[in-house]
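Here is a short note for a colleague who is opening this model for the first time. Please keep the view beside you and take the points in order.

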Amino acid sequence: MGKMLFASDLDNTLLFSRRHSRPGDLCVEMLEGKEQGYFSPLTVARLREVNACMDFVPVTSRSVAQYRRICFPAGCVPRWAVTTNGGLLLENGEIDEAWQAESLEAVAPWREELERTEALLRAQPVPHRGRRVDELYVFAACDDAAGAHALAAALAGRTALEVAVSGRKVYCFPAPISKGHALERLRRRFGPAAVFAAGDTTMDVPMLLEADAAAAPEAALLAGFAGQKCLPREGEHFGEFVLRCALAFAGEKT
């Protein structure tokens with residue numbers, strides 16, 4: 001690569017659900033015939049600018065199949081993407097076999113714990129739908145956020161996997177599967193001149209802390225970060241803000 005790297009979460013960072021969409025937003029994801037994900041027009045315009053001067057690499061907890069549902073507008077399509085919370089690297093939508101092999105080897109000692117945690121999930125009374133994601137972590141979708149927190153509480157102290165809650169979803173990660181480790185691997189693989197990162201949840205924090213500059217919706221997510229911190233003004237559209245900061249960072253470094 002050599003250029004600056006823009007490593008960004010997708011959901012609720014650049015990409016927003018129908019519930020948070022605004023008139024004029026562009027639908028870029030469909031699920032079972034229904035509109036699912038949106039970019040704002042300004043997000044699209046700024047992402048095209050970013051893509052022209054930085055290497056845009058989405059870093060998402062989505063599975064490969066979920067990532068492939070996104071139809072990036074012309075000029076916004078990333079060549080590279082990291083899915084499965086850092087576990088898989090895609091080039092032009094296809095899995096990088098060397099990265100995958102390294103991830104599977106790192107997770108091998110956690111196989112038994114993944115299976116045990118899946119069994120724990122199945123035994124819980126909270127309504128949820130659980131599964132293994134790309135053979136690298138365990139995921140459960142509950143009916144609501146309250147159910148997700150109840151499920152996470154039921155797992156507390158009973159699994160060696162890291163348990164994280166995002167909305168109505170519960171994630172259980174082996175230690176090697178994190179966005180922070182993914183960014184370390186991206187640096188080794190591509191040697192970027194500098195890294196700007198963005199994310200909105202605690203699952204993004206390891207990646208934010210590994211960057212040279214980072215954007216988050218609240219200061220708590222950047223606690224202890226020694227690099228350049230970017231926090232939006234109240235009411236500012238987060239995705240548009242993130243891209244504005246990425247462009248400013250790129251301008252400072254050139």
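**Notes on the model**

1. Of the 254 residues of the protein chain, 52% count as buried. Buried means under 20% relative accessible area, exposed means over 50%, and partly exposed lies in between (1.4 Å probe, protein chains only). This is a predicted model: local features need pLDDT of at least 70, side-chain atom pairs count only at pLDDT 80 or more, and totals for chains, interfaces and linings use all residues. Residues are numbered from 1 along each chain as its sequence is written, and side-chain values use heavy atoms, with hydrogens and water left out.

2. Start with the overall fold. The protein chain has eight helices and 15 strands. These are DSSP runs numbered from the N terminus: helices are H or I with at least four residues, strands are E with at least two. Along its principal axes, the C-alpha trace spans about 55 × 40 × 35 Å.

3. How does the radius of gyration fit? The protein chain has 18 Å, which agrees with the value near 18 Å for a compact globule of 254 residues. The radius is taken over C-alpha atoms, and the globule rule is 2.2 Å times the number of residues to the power 0.38.

4. Look next at contacts, meaning heavy atoms within 4.5 Å. Among contacts in the protein chain with a separation of 6 or more, 57% come from residues 24 or more positions apart.

5. Now the surface. The protein chain exposes about 11500 Å², and carbon and sulfur atoms supply 50% of that area. Accessible areas come from the Shrake-Rupley method with a 1.4 Å probe; for residues, only the protein chains shown count as cover.

6. Charges come next. There are 29 positive and 33 negative side chains, and the centres of the two sets lie 2 Å apart. Lys and Arg count as positive, Asp and Glu as negative; His and the chain ends are not counted. Each charge is placed at NZ of Lys, CZ of Arg, CG of Asp or CD of Glu.

7. Side chains of opposite charge can pair when their charged atoms come close. How many salt bridges does the structure hold? The structure holds 18. A salt bridge is a side-chain nitrogen of Lys or Arg within 4 Å of a carboxyl oxygen of Asp or Glu.

8. Check E91 and R79. Their side chains form a salt bridge at 2.5 Å, N to O. The pair links distant parts of the chain, 12 residues apart: E91 is in strand β7 (residues 88-91), and R79 is in the loop between α2 (64-68) and β6 (80-83). E91 is partly exposed at 27% relative accessible area. R79 is also partly exposed, at 48%.

9. E102 and R185 also meet in a salt bridge, at 3.4 Å, N to O. This pair links helix α3 (residues 97-107), which holds E102, to helix α6 (residues 179-190), which holds R185; the two residues are 83 apart. R185 is buried at 9%.

10. Finish at the loop between β9 (128-133) and β10 (137-142), where D134 is found. D134 is not a glycine, yet its phi is positive, about 50°. D134 is partly exposed, at 29%. E135 lies in the loop between β9 and β10. Phi of E135 is near 65°, again positive in a residue other than glycine. E135 is partly exposed at 45%. It forms a salt bridge with R132, the closest N and O atoms being 3.4 Å apart.
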